[in-house]
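Hello,

Here is the structure we talked about. Please open it and keep it in view while you read.

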Protein chains: 2
Amino acid sequence: MRLAELSERSGVSTATIKYYLREELLPPGRRITATQAEYDEEHLRRLRLVRALIQIGRVPVSTAREVVAAVEDDSRDQLSRLGTAVEALPHGPEPDERDPATDLARRTATELLERVGWRFGLTIAGRAGAFRTLVAAIAALHRLGYPCDVSDLLPYAHSAAGLAVSDLDLVEEYGTPTERVEAAVALTVLYEPVLLSLRRLAEAEESNKRFGDGP
Amino acid sequence: MRLAELSERSGVSTATIKYYLREELLPPGRRITATQAEYDEEHLRRLRLVRALIQIGRVPVSTAREVVAAVEDDSRDQLSRLGTAVEALPHGPEPDERDPATDLARRTATELLERVGWRFGLTIAGRAGAFRTLVAAIAALHRLGYPCDVSDLLPYAHSAAGLAVSDLDLVEEYGTPTERVEAAVALTVLYEPVLLSLRRLAEAEESNKRFGDGP
């Protein structure tokens, strides 16, 4: 398809598509004349991922480029492409190593992963941004005196494990390794606001049940 | 206790505490001389909440002031104070009413709440920021062609319902209505990075199980 059709089908303006092409967020089209190029379904899919990252995930263009490069790197298996792509996504605050709460939080986080049997998680803990965010979040809870023992955190880990099964079920519906890696990255980003907003609605529901004056 | 002790016990500098007092994020201490005031356990608790909001939740000072005002308003019952406080917290993007995907997303979100039986959620849907964020997130999934049917979203709603039970169990351990409202707001904010980081770790675990080369 031509640029105009790619724009029509993706809902992304031709100017924005040209910008993404210049920034190497999209692979170049197949040249058919000096001024025209042909695009295919792969461009459409890639454009959806880039939109998910930039518009919803609010990921900077340079980060999106790293994510896309990892997704595209078909010299590597899908697990390692996915790992690199997710690692390039923005994550939360880094732990403060000068704070004594950080050591304690790291022990709590490690014990939590052991309790839920995440053996792969334990092997990547030293280099995973998500593990560092978890440590920083537990340290903040600890420093502020809010509950953050392994027993308080376990329901969260169990929920996350359940959600990962649904997420990967959705991912496995995609046909090729590249499509699965793209979908896994996009769903990681796009379902975060779904999860946080549903948690707030569920808390309102449960608060009403416990503290409300009746139905 | 004096300002120095409040600073010592909270780990917040005296300069920052004075700033919070000026910004009305903390109630004034009880004057004992022209230049000295006395603070109590309530100040210490309030300071923890303000730190949670500003440092971890990255909430602007003006928003933190609204949240604190709602928490403090003991002319109202705890459910309505909690609702106002959580509503004042920052939430995700607003739905784009010009986008046809938004209408469809609103129907999907409403059906989801019906399916999980959140009757209170349905009554507040029209004014809850969390519901609008949910609609915007589903519309983005829809627009980009990623799975977002009620059946895809249900596992998320069920997980959120389970987490709300654990959250409110923690909240109910606090003694007074004001303490419970404070804890509910703080835990809403402080557990968001816990949940998102555990989800990413769980996805890594599940991906390794399905796509990895073995243990």
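Below is what was found, starting with one chain and moving on to the pair.

Keep in mind that this is a predicted model.

Chain A first. Chain A has 10 helices and two strands. Follow the elements of chain A from the N terminus and they run α-α-β-β-α-α-α-α-α-α-α-α. The C-alpha atoms of chain A fill a box of roughly 65 × 45 × 30 Å along the principal axes. Chain A has 215 residues, and 49% of them are buried. Now take the contacts in chain A between residues at least 6 apart in sequence: 63% of these join residues at least 24 apart.

Next, the two chains together.

Then the contact itself. Chain A gives 71 residues and chain B gives 71 residues. On the side of chain B that touches chain A, several helices supply at least two residues each, including α3 (41-56), α8 (129-143) and α9 (150-171). The largest share of that side comes from α10(B), with 25 residues. By type, the residues on that side of chain B are 44 nonpolar, 15 polar and 12 charged. Of the interface residues of chain B, 100% are also interface residues in chain A, so the copies meet through the same surface.

Best wishes

Terms used. Residues are numbered from 1 along each chain as its sequence is written. Chains are lettered from A and ligands numbered from 1 in the order in which they are written. This is a predicted model: local features need pLDDT of at least 70, side-chain atom pairs count only at pLDDT 80 or more; totals for chains, interfaces and linings use all residues. Two residues are in contact if their C-beta atoms, placed from the backbone, lie within 7 Å. Helices (H or I, at least four residues) and strands (E, at least two) are DSSP runs, numbered from the N terminus. Ala, Val, Leu, Ile, Met, Phe, Trp, Tyr, Cys and Pro count as nonpolar, Asp, Glu, Lys and Arg as charged, and the others, Gly among them, as polar. A residue is buried if 20 or more other C-beta atoms lie within 10 Å of its own, exposed if 12 or fewer, and partly exposed in between; C-beta atoms are placed from the backbone.
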